[in-house]
Amino acid sequence: MIWKALIFLGVYAVLHFGYELSGWEFLRPFCGVDESVFEHLKIGFWAYLFTNIIEYFLSKRKKFRFWYPRLFSTTLLPWFIVLIWYMLPAFFGHIESLAVDLVWAFTVTFLSAIVAVVLEKELEKYSTGTAFKFTIAVLFVLSVVFYTVFSFEKPWIDLFVEP
C-alpha cells in the first residue's frame, strides 16, 4: 500500500513538472501546464493510472479482478484530492506559509493514493456485475475525455481558473 502511494508521488512529481521542463506539446494532456485546480486533478488522474500500469507489470500474479477496481479508483482519485485538500482551509482558513502549503500538498497526494488503494483492495474481493463494470468504463472514458479536451482549451469555470 505505502509503496504504491510513494510510486504515485514520484509519477505525480514527474507529471507536475514534465511539461514545464520539457515544453513538449504532446505532454500537455498528461502534465500540468499551470497551477489551476484542474491541472492538479488531471495530474492525479494520469499519475494514478500510470502507477496502476506499473503495478500491473510489477505484480507477480495477474489477478482476474485487477483492472476494474483500479479504473474506478483512478477515476475517483482526483476527487479524493479535492476533498482532502480543502480540509485545511475548512478548519484553518487561508494559510500564507509556502512551507505549510507544500507539506500539505505532499500529504494530500499521498493520502489520496492510500484511500484509492484501500478502495481498490476492497473492490477486488467482490465479483462485480456487468452494469457496474460498464459504469466504471463509462466514467473512466469520460474522465479521459474531460482531462484531455480541457488540457487544450479550458471553459470559464472556477475549477479551471489559475489562482
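**Figure 1. The elements of the chain, read from the N terminus on, run α-α-α-α-α-α.** In this predicted model, the chain is made up of 6 helices and 0 strands. Among the contacts that join residues at least 6 apart in sequence, 74% are between residues at least 24 apart.

**Figure 2. The C-alpha atoms of the chain occupy a box of roughly 45 × 35 × 30 Å along the principal axes.** The radius of gyration of the chain is 16 Å, which agrees with the value near 15 Å that a compact globule of 163 residues would have. Of the 163 residues in the chain, 39% are buried, while the accessible surface comes to about 9600 Å², with 74% of that surface belonging to carbon and sulfur atoms.

**Figure 3. The charged side chains number 13 positive and 14 negative in the chain.**

**Figure 4. Leu15 is found in helix H1, which covers residues 2-22.** Leu15 counts as buried because its relative accessibility is 8%, and the cut-off for a buried residue is under 20%. Leaving aside the neighbours of Leu15 within four places in sequence, the residues in contact with Leu15 are Phe30, Cys31, Gly32, Ile43, Trp46, Ala47 and Phe50.

**Figure 5. Leu15 and Asp101 are shown together as a pair separated by 86 residues in sequence.** In space, the distance between Leu15 and Asp101 is 19 Å, taken from C-alpha to C-alpha.

Note on methods: Residues numbered from 1 in each chain as written. Predicted model: local features only at pLDDT ≥ 70, side-chain atom pairs only at ≥ 80, totals over all residues. Heavy atoms only, no water. Helix = DSSP H or I, 4+ residues; strand = E, 2+ residues; numbered from the N terminus. Rg over C-alpha atoms; globule rule 2.2 N^0.38 Å. Buried < 20%, exposed > 50% of the residue type's maximum accessible area, 1.4 Å probe, protein only. Contact = heavy atoms within 4.5 Å. Areas by Shrake-Rupley, 256 points an atom, 1.4 Å probe, with all protein chains shown as cover. Lys, Arg positive; Asp, Glu negative; His and termini not counted. Charge placed at Lys NZ, Arg CZ, Asp CG, Glu CD.
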